[in-house]
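Thanks for coming. I will go through some helix packing and then a ligand site.

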Amino acid sequence: MSSSEIITANNLTKIYGKITAVDGISFSIRKGECYGFLGPNGAGKTTTIKMLHCFSPLTGGELEVDGMNVRSEQSNIKKIMGVVPQEENLDPDLRVFKNLTVYARYFDIPKKEALERAAELLDFLQLKDRMNSQIRELSGGMKRRLLIARSLINNPKILILDEPTTGLDPQARHLIWQRLRLLKKNGITMILTTHYMEEASQLCDRVAIMDRGKILLEGEPKKLVADEIGTEVVEIRLEDENHNMILEQLGKFKFTYEKAGDTLYIFSNNGKELLPSIVDMKHTHLLHRSATMEDLFLKLTGRGLRE
Ligand SMILES: Nc1ncnc2c1ncn2[C@@H]1O[C@H](COP(=O)(O)OP(=O)(O)OP(=O)(O)O)[C@@H](O)[C@H]1O
Ligand SMILES: [Mg+2]
């Protein structure tokens, strides 16, 4: 492990009965970066993350967190980690503030400090006025913010977030993004999973795209898109769904394409030069836009449904 790396995984494997959920993956995460795991349902993201925070034992491979081996130093690893799980697991018998202070006991945080920290964190996640609410009275977005507050109670060096904004409205999502960026500025290392490609682009320095337990591709979001897709995309839907004529007309240009149902996606580094040949056709939808992580994700993992 070099001094800039805080997590290294080699040949990490998890097998549940007949299912290989994580299939011998290797990666390393640098201090202070935000690293994202992307992948369709069932890709193995949560399983990978559960091994990182010592919730699920490894079937095979090696995993080191901040110089500690996950097989032998679980309790020390847990001390430096904050975890926001995919499934909400707040204590329904405790009110909001109490959820934080009781959680602080697991880390032996002195009472006075725990009270101060809980108040600060509720403020940070805009939940101060709900401190005496019951958990059942909170909206989905409030519960998620409370989970994030709880994950920070021990001032963790590494923060793990399994789908931090799934199902939240844009307001809640943007607030969470702002807060996560602030935490990152203060030096925390962040590992997250998400199905929102914009979230990955907004937050992650590097991402790993997983499918069927393996990492297909890893790198900086912008660079991955530029290398694998190009810079621009033209989307076309035609009334008669006959895309062949367009492809013939565009024959002289350099591009790749994909047909998906009623839509033709044209990937190119100069979409503008293609447009004059297209505008005259009887289209129902024509969009010239920048290439995104979503284009890359679909290219790598396909359009078929999972599970
Ligand atoms: N406790 C378990 N017992 C048996 N199989 C499991 C268990 N947990 C996960 N799996 C299986 O392992 C595979 C990976 O699941 P995992 O939850 O890691 O996927 P994921 O990438 O997090 O998916 P999602 O995006 O839906 O959250 C799936 O096939 C899942 O059914
Ligand atoms: Mg998951």
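In helix 3, Val 96, Asn 99, Leu 100 and Tyr 103 meet Leu 146, Ala 149 and Arg 150 of helix 5; contact here means heavy atoms within 4.5 Å. By class, that contact has 5 nonpolar residues, 1 polar and 1 charged. Nonpolar covers Ala, Val, Leu, Ile, Met, Phe, Trp, Tyr, Cys and Pro, charged covers Asp, Glu, Lys and Arg, and the others, Gly among them, are polar.

Before going on, the ground rules. This is a predicted model, in which local features need pLDDT of at least 70 and side-chain atom pairs count only at pLDDT 80 or more, while totals for chains, interfaces and linings use all residues. Residues are numbered from 1 along each chain as its sequence is written, chains are lettered from A and ligands numbered from 1 in the order in which they are written, and side-chain values use heavy atoms, with hydrogens and water left out. Helices are DSSP runs of H or I, at least four residues, numbered from the N terminus.

Two packed helices are described by the angle between their axes and the distance between the axes. The axes are lines fitted to C-alpha atoms over the stretch in contact, and angles run from 0 to 180 degrees between N-to-C directions.

Helix 5 is residues 140-151, and its axis lies 9 Å from that of helix 3, at an angle of about 25 degrees. The two helices are therefore roughly parallel; under 35 degrees counts as roughly parallel, over 145 as roughly antiparallel, 65 to 115 as roughly perpendicular, and the rest as oblique. Their crossing is right-handed, where right-handed means that the near helix is turned clockwise from the far one by less than a right angle, and left-handed means anticlockwise.

Which other helix does helix 3 pack against? Helix 3, residues 96-105, also packs with helix 4, residues 111-124, at about 135 degrees and with the axes 9 Å apart. That makes helix 3 oblique to helix 4. On the helix 3 side, the contact uses Val 96, Phe 97, Leu 100, Thr 101 and Ala 104, and on the helix 4 side Ala 114, Leu 115, Ala 118, Ala 119 and Leu 122. Of these, 9 are nonpolar, 1 is polar and none is charged.

Now the ligand. There are 15 residues around ligand 1, and Gly 42, Lys 45, Thr 46, Thr 47 and His 195 come nearest; a residue counts if one of its heavy atoms lies within 4 Å. A backbone N or O atom of Gly 42 is 2.8 Å from an oxygen atom of the ligand. For the side chain of Thr 47, the distance from an N or O atom to a ligand oxygen atom is 2.5 Å. Gln 86 has a polar side-chain atom 2.9 Å from an oxygen atom of ligand 1.

Technical notes: A polar contact is a pair of N or O atoms within 3.5 Å; within protein, one must be able to donate a hydrogen and the other to accept it, and residues adjacent in sequence count only if both atoms are side-chain atoms.
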